[in-house]
Amino acid sequence: MSQLVSLTRHNNVAVVTIDNPPVNALSPGVPEGIGEAIRSVAQDAAIQAVVIIGGGKTFIAGADIKELEKAAAPGGGSAGPDIHALLQQMEDCPKPVVMAMHGTALGGGLEVAMAGHFRVASPSAQMGQPEVNLGIIPGAEGTQRLPRLVGLAAAVDMCVSGKPVKAPEALSLGLIDKIIEGDLLSGAVEFAREKAGRPMVKTRERPVAAGDIAAILASGRAQANKTRRNQTAPSKVVDALEAAATLPYEEGWKKEREIMKECLASDQARALIHAFFAERAVSKVADIPPETRPYEIRKVAIIGAGTMGGGIAMACANAGIPVVLKDSEQAGLDRGIAAVRRNYESSVKRGRFSQDVMDHRMALIHPQLGYDGFDDADLIVEAVFENMALKREIFAAIDKIAKPDCVLATNTSTLDIDEIAASTSRPQMVTGLHFFSPAHVMRLVEIVRGKASSKEVLATALAIAKKLGKVGVVVGNCRGFVGNRMMIPYMREAQLLAEDGATPWQIDKALYDFGMAMGIFAVDDMGGIDVLYRVRQEAKHLEKPGRRQPLVHDKLYHMGRLGQKTGAGWYKYDENRQATPDPEVEALIENTAREAGIKRRAISDDEIVERCIYTLINEGARILQEGYAQRAADIDVIYLTGYGFPAYRGGPMWYADTIGLKKIYDRICEFRHTAGEWWEPAPLLKKLAEQGGTFAAGTAAGA
Ligand code: 3H9
């Protein structure tokens with residue numbers, strides 16, 4: 001047997017164990033090992049049944065995505081690993097093959113499991129076909145066997161959504177035959193023994209329970225368009241499922257393979273596979289060795305019960321961590337707790353969790369006005385409004401109370417971490433934890449590294465982000481850090497485009513069609529026109545005299561059009577906060593442009609996308625060169641998890657590599673000529689463009 005797969009005998013039952021940490025992926029050697037085991041079992045007269053199980057924390061979590069990445073690379077040209085022969089071999093085995101699943105049986109893992117004659121699982125196991133998350137479809141007959149087990153409608157839902165089902169649901173769907181309480185292996189062996197010599201059915205020979213095929217497929221395609229806008233794989237997977245419902249098995253799986261090959265060769269698959277690995281690479285920071293010991297976080301104290309503080313408190317409570325939530329005024333505290341309660345109530349109403357869960361979470365959050373209980377907190381997060389003097393005062397106060405190994409974090413989105421840290425006697429314990437609003441929902445946390453922040457503190461920040469179910473990205477301490485620093489030129493360019501002749505709604509639509517979760521003017525209205533106004537006021541002294549600045553935003557602010565909260569900003573809003581274009585804003589822009597001598601012209605959607613996205617890329621290149629982000633992929637993760645950049649484009653830096661840096665550089669040079677000084681190309685972009693390089697290869701430090 002290979003080292004990845006072992007075969008043991010439990011009297012008359014053979015147990016095949018897959019041992020390919022961390023997730024038992026189907027890497028080269030694993031399918032071969034399983035095949036060898038099945039061959040040996042089939043010939044062994046003493047063996048009457050087989051159990052296939054995963055060693056460690058999970059059953060097979062899918063194909064090895066590194067292998068898929070190779071096949072997806074330009075010139076790769078295959079449909080990924082081909083395990084058709086193995087699946088058939090297992091299904092044709094004359095002795096019952098029982099799949100024993102725990103952890104996550106995903107993608108190729110579930111496909112292997114469905115080729116067994118029976119499936120049992122531990123109560124917490126999950127099974128799914130998440131391939132669409134990688135821009136592909138199941139490539140090992142999942143689209144053909146799944147509908148034969150769970151019916152066409154459930155298969156469509158599972159494959160289009162990519163969401164796994166838990167063992168109890170899998171049991172009711174017919175995907176598994178039994179849930180094993182207690183020890184999975186002994187339960188599975190006993191189950192296998194019972195099945196020995198009994199009739200068994202090959203999944204591929206079962207009929208597809210379909211009902212109204214056309215209606216199910218139409219609803220699957222509608223679901224794909226709605227939930228996975230602009231993506232190819234989710235509707236292609238419905239084509240493969242259609243084949244299962246309408247063609248003989250032999251033709252169906254070949255059709256699936258063709259579609260898989262087409263999807264795997266796409267830019268979308270490459271981008272989504274990049275996003276998968278990028279998200280996992282961010283926690284590896286070049287100068288923080290993996291053995292660095294994080295501090296244990298058992299209790300968190302938060303200062304400020306506003307939107308951010310309340311959201312962070314919820315994120316902690318959701319992860320089972322007790323929280324002390326402090327505000328300086330009773331009214332603020334009451335408002336904060338009421339908002340937390342409302343949020344939880346709405347989740348209970350929507351069936352996301354039970355009242356008991358809500359009560360437990362509420363009980364973990366202790367509202368208070370003073371600093372009681374701060375002395376044994378392991379992490380203190382300051383989340384008051386953006387004012388340096390106030391933040392320094394707070395850090396000086398907590399410095400006197402916090403225990404020596406307490407991590408002190410600020411949720412600032414713009415201010416200098418070093419200046420805040422300097423108000424304490426222990427700057428090495430200070431870091432930024434920049435959560436995004438709403439903090440209990442948004443996955444991104446920028447971990448801002450001060451010049452003195454210790455490795456242990458940063459490792460703790462990464463660990464707590466993971467514990468809260470978030471993605472922590474370590475960034476440097478520059479104005480706006482990474483995400484907002486890039487956002488500022490992006491917003492500015494959109495406003496300049498509006499003055500040059502586009503309307504805010506045309507710009508928003510072009511960006512939305514490009515794939516952004518929202519248009520930038522809609523974002524500005526949601527965040528509040530006053531927020532960006534204040535950011536700009538603070539930075540006024542940095543503005544270079546004579547350089548073109550957008551003119552309309554300040555006017556909206558002075559008109560009291562602060563966005564959604566005042567019913568009007570760039571758009572006007574009804575009582576349900578539905579936006580409509582406002583002719584008053586159009587007139588305001590036209591008049592402002594005329595007064596400023598700007599000659600307005602028709603602007604194409606392509607120019608809008610180029611100017612907005614390329615300015616983002618150009619700033620990203622500067623950030624990389626200055627070392628404020630460790631690698632291009634970190635910037636991608638920030639934009640994918642915090643700013644609504646479409647995952648199927650891989651993030652701004654990956655997207656730039658896809659377009660070609662030379663092309664982007666040349667276009668930026670043209671904009672420099674026509675649209676002015678803001679368009680100075682970043683030196684790193686220029687260098688890589690001249691060398692024919694990419695951000696991914698050129699900045700893979702620590703990857
Ligand atoms: C597929 O199966 C196509 C088939 O239809 C065709 C078959 C022929 N491969 O996420 P974590 C690594 S498509 C390679 O932090 P968790 C990951 O990079 C696949 N590597 O752990 C990381 O490495 P590192 C369908 C993988 O406990 C480490 O494992 N399957 C794979 O939070 C830990 O990962 C999927 O899409 C893989 N398949 O979550 C499942 N999976 O430590 C994808 C993980 O070096 N995986 N790694 O950074 C997941 O969803 C989660 O990893 C899982 C565990 C839920 C399994």
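Begin by selecting N11, which is found in the loop between β1 (5-10) and β2, where helices (H or I, at least four residues) and strands (E, at least two) are DSSP runs numbered from the N terminus. Phi of N11 is near 55°, a positive value in a residue other than glycine. Most residues other than glycine have a negative phi, and most peptide bonds are trans. N11 is exposed, with a relative accessible area of 68%; here buried means under 20% relative accessible area, exposed over 50%, and partly exposed in between, with a 1.4 Å probe and protein chains only.

This is a predicted model, in which local features need pLDDT of at least 70 and side-chain atom pairs count only at pLDDT 80 or more, while totals for chains, interfaces and linings use all residues. Residues are numbered from 1 along each chain as its sequence is written, and side-chain values use heavy atoms, with hydrogens and water left out.

**The whole chain**

Along the principal axes, the C-alpha atoms fill a box of roughly 90 × 60 × 50 Å. Buried residues make up 56% of the 703 residues. Of the contacts (heavy atoms within 4.5 Å) with a separation of 6 or more, 73% are accounted for by residues 24 or more positions apart.

Next select P21 and P22, where the peptide bond from P21 to P22 is cis, with omega near 5°. P22 is found in the loop between β2 (13-18) and α1 (30-43).

Move on to H102, in the loop between β4 and β5 (104-106), which is buried, with a relative accessible area of 16%. Display its surroundings and, leaving aside neighbours within four places in sequence, you will find H102 in contact with G54, G56, K57, T58, F59, S122, A125 and L184.

From there, select G128, placed in strand β7 (residues 126-128) and counted as buried at 0% relative accessibility. Beyond its neighbours within four places in sequence, G128 is in contact with A105, L106, G107, L110, M158 and P164. A distance drawn from G128 to G62, 66 residues apart along the chain, shows their C-alpha atoms separated by 9.7 Å.

Side chains of opposite charge can pair when their charged atoms come close. A search of the whole structure finds 46 salt bridges, each being a side-chain nitrogen of Lys or Arg within 4 Å of a carboxyl oxygen of Asp or Glu.

For one of them, show R204 and D92, which form a salt bridge with the closest N and O atoms 2.9 Å apart. The pair links distant parts of the chain, with R204 in the loop between α8 and α9 and D92 in the loop between α3 (84-91) and β4 (97-101), 112 residues apart. R204 is buried, with a relative accessible area of 15%, whereas D92 is partly exposed at 36%.

A209 lies in the loop between α8 (184-195) and α9 (213-227), and at 55% relative accessibility A209 counts as exposed. Apart from neighbours within four places in sequence, A209 is in contact with P147, G151 and L152.

**Further along the chain**

Select S437 and P438, whose connecting peptide bond is cis, with omega near -5°; P438 is in the loop between β15 (430-435) and β16 (444-448).

Then colour E493, E499, D500, R548, R601, E607 and R611, which are linked in a network of salt bridges.

R577, in the loop between β18 (572-573) and β19 (579-580), has a phi near 60°, a positive value in a residue other than glycine. With a relative accessible area of 46%, R577 is partly exposed.

Finish at E610 and R667, a salt bridge in which the closest N and O atoms are 2.5 Å apart. E610 lies in helix α25 (residues 605-626) and R667 in helix α28 (residues 661-675), so the pair ties together parts that are 57 residues apart in sequence. E610 counts as buried at 17% relative accessibility, while R667 is partly exposed, with a relative accessible area of 24%.
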